[in-house]
Amino acid sequence: LNKIAAFARFKNIEREQKAAKFAQYEPTDLDAKLKARFEYALQCLRAEAYSDHGVCSTLQRAQTLMLTNRDYVQSLQIIEEILKEIRPFDIAYMLQLYKETQVAEDRLAQQHTLLFLGYTGSGKSTSIHFLSGTRFKKTATDHFKAVHVANAECAKIKLSHKVSESVTRFIAAVPINLNDFDIDVYGSGAKHNIMFADTPGFFDSEGAVIDVANGLGIVNAVGKAKSLRIVVVIDWMACIGNRMEALKKLAYTLANIMPSYKQLGAYIDFIFTKVPKQEQKYDKMQLILKKALDETQKKNAHDAGLIDFLRMMKAYKTPIFLHPIDSDLKQVLNALFVDKKWISVPAQVIRSFVTDTSMDKISQQIQKHKQFVMRAMHEYRNQDGATGDEKADENTTSDAFSKIKLKLRELHQLSLCLSDTQIVRRALQESADVVTHAFDAKISAQIIKLTDSNQKYHDIDAFALVLAEYKSSMRDIAAMIDLQTMLRESLDDNAN
């Protein structure tokens with residue numbers, strides 16, 4: 001389904017020629033490949049008992065829209081809705097992104113690190129580019145485009161022209177040397193070499209997977225840094241528009257990543273982006289923040305997190321207004337690094353966290369994994385009473401065991417990332433019980449069959465059939481022992 005969706009997205013941007021790799025196929029060849037993917041997706045959905053949910057018929061409608069009507073927009077919308085229903089949380093993708101944060105961990109270890117936090121579209125990536133020496137120009141649509149990237153490491157920090165679109169998927173590290181910018185004072189120590197850590201926006205536009213991977217990985221990424229400062233990047237419009245929803249989320253994020261952030265004001269800087277030139281004054285900012293604070297205290301007195309955050313912003317004496325073209329790079333760097341205090345043991349200050357919304361998605365997916373395992377094992381047990389066409393062939397059984405193993409492996413790896421593992425442990429334990437029951441039933445059934453065969457079959461051809469079934473059963477039993485071993489190890493790891 002992901003591959004079908006990727007093709008639909010390609011067709012939707014074909015005019016921009018951003019995915020020329022599909023040009024090598026003739027349309028008829030593409031249709032055949034897509035039809036095969038649709039058929040395999042339908043086969044998998046039926047195997048996972050989605051026929052009764054209307055999902056299969058909905059996917060068939062998407063197939064008609066794509067292959068007959070060439071309506072790639074609507075077919076993509078349908079496929080994305082199906083994916084949300086059958087896979088509320090993509091564990092495999094989350095684990096992939098989480099692994100990328102471990103790369104950042106290696107790079108940030110024993111480095112003086114500036115951690116950039118902010119919501120999607122606030123300008124974190126643009127700020128890091130600017131501070132690393134990237135030069136920008138303004139486009140006809142009032143966006144900023146990089147025209148010269150001075151620091152090659154910034155090439156991996158992608159920039160988006162859409163405010164609501166996130167292109168940052170995982171924590172990335174960019175090194176700079178302040179000597180290159182003639183910055184002479186580094187606070188209490190000679191901090192010439194600095195690492196910038198770019199993070200995705202929490203409550204990311206790409207959903208729970210990005211949130212979880214980086215909410216869990218952030219403590220690993222910066223926990224081993226030699227020292228740490230936090231830079232909170234805020235889009236100015238968030239201070240005055242949309243009932244400050246973005247600031248509420250940012251306050252919530254900061255409070256969860258740094259529970260003691262209110263006592264760490266000396267280690268936090270604020271960069272304000274997209275500020276109108278006439279507003280780029282300390283007094284003007286104080287008036288707007290005072291108004292926002294007063295209104296919040298009157299209308300949302302219960303929202304202590306936002307109130308505390310607004311108070312911290314208001315108490316900040318040296319706001320940094322960053323404009324990718326108009327700002328003076330050296331002046332901004334001086335504001336960030338001259339006479340600053342650094343957190344000396346970041347691991348004691350930063351902690352991992354998962355938002356309530358994301359945790360709900362994880363819980364839904366864990367239940368789906370568990371239900372798949374239980375349903376597959378139930379169907380397998382029923383095969384002992386099946387005959388003829390009803391009986392699953394060897395390849396089907398092997399494929400089922402492979403899928404079960406994949407689901408269990410994902411649950412195990414997820415449990416190693418989460419701090420609260422009870423929900424995963426319950427799913428693993430229930431899966432272990434089902435596999436054990438199936439194992440016991442298979443052994444008992446095989447003993448009965450072998451006993452019957454000794455009494456009934458005396459010619460070699462008849463016994464050969466029994467022996468073939470016995471070998472097949474032994475393969476299944478070996479597969480179940482493998483599953484039991486995996487589950488036992490997963491539960492042991494989970495307990496530790």
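In the predicted model, cysteine 56 counts as buried, at 5% relative accessibility. Cysteine 44 is also buried, with a relative accessible area of 17%. Both values fall under the 20% that sets the limit for a buried residue. A disulfide is a covalent bond between the sulfur atoms of two cysteines. With a cut-off of 2.5 Å between cysteine sulfur atoms, the count of disulfides comes to zero.

The protein has 496 residues, of which 45% are buried. Its secondary structure consists of 16 helices and eight strands. Of the contacts between residues at least 6 apart in sequence, 76% join residues at least 24 apart.

Six of the strands form an open sheet with mixed pairing, in the order 4-5-1-6-7-8. Strand 4 (172-177) and strand 8 (320-322) stand at the edges of this sheet, and each has a single partner strand, so one side of each is left without a neighbour in the sheet. On average, neighbouring strands are turned by 30° against each other, direction ignored.

Strand 4 pairs with strand 5 in the antiparallel sense, over six bridges. Within this pair, isoleucine 176 has isoleucine 194 of strand 5 as its bridge partner. Strand 5 (residues 193-198) is mostly covered, with five of its six residues buried. Strand 5 and strand 1 run parallel and are joined by five bridges; here leucine 114 is the bridge partner of phenylalanine 196 in strand 5. Strand 1 (residues 112-117) also pairs with strand 6 (residues 227-235), in the parallel sense and over six bridges. In strand 6, valine 231 stands opposite phenylalanine 116. In a regular strand the side chains alternate between the two faces of the sheet.

Strand 2 (residues 135-138) and strand 3 (residues 144-148) run antiparallel and are joined by four bridges. Together these two strands form a hairpin with five residues between them. Aspartate 142, in the turn, has a positive phi of about 65°. Phenylalanine 136 stands opposite alanine 146 of strand 3. Phenylalanine 136 is also one of the residues in contact with histidine 129. Histidine 129 is placed in helix 6 (residues 124-131) and is buried, with a relative accessible area of 3%. Beyond its neighbours within four places in sequence, histidine 129 also contacts Thr134, Val149, Cys154, Ile157 and Leu159.

The largest nonpolar core holds 73 residues, and the members that touch the most others are Phe196, Ile234, Met258, Phe270 and Phe309. Methionine 258 touches Ile230, Leu264, Ile268, Val349 and Ile350, residues up to four places away in sequence not being counted. A second, separate core has 41 residues, including Leu95, Val373, Ile477 and Met486.

Phenylalanine 309, a member of the largest core, lies in helix 11 (residues 304-315). Its relative accessible area is 0%, so phenylalanine 309 is classed as buried. Leaving aside neighbours within four places in sequence, phenylalanine 309 is in contact with Val232, Ile234, Leu247, Leu250, Ala251, Leu254, Tyr261 and Phe270. Two of these partners, Ile234 and Phe270, are named with phenylalanine 309 among the core members that touch the most others. Leucine 250 is 59 residues from phenylalanine 309 in sequence, while the two C-alpha atoms are 8.7 Å apart in space.

Methionine 480 lies in helix 16 (residues 460-495). Methionine 480 is buried, with a relative accessible area of 0%. Residues up to four places away in sequence aside, methionine 480 touches Met377, Tyr380, Phe401, Val435, Ala438, Phe439 and Lys442. Alanine 438 is 42 residues from methionine 480 along the chain, and their C-alpha atoms are separated by 8.3 Å.

Definitions and conventions. Residues numbered from 1 in each chain as written. Predicted model: local features only at pLDDT ≥ 70, side-chain atom pairs only at ≥ 80, totals over all residues. Heavy atoms only, no water. Buried < 20%, exposed > 50% of the residue type's maximum accessible area, 1.4 Å probe, protein only. Pairing = 2+ DSSP bridges. Axes fitted to C-alpha atoms, helices over the stretch in contact; angles between N-to-C directions. Contact = heavy atoms within 4.5 Å. Core = buried A, V, L, I, M, F, W, Y, C linked by side-chain atoms within 4.5 Å.
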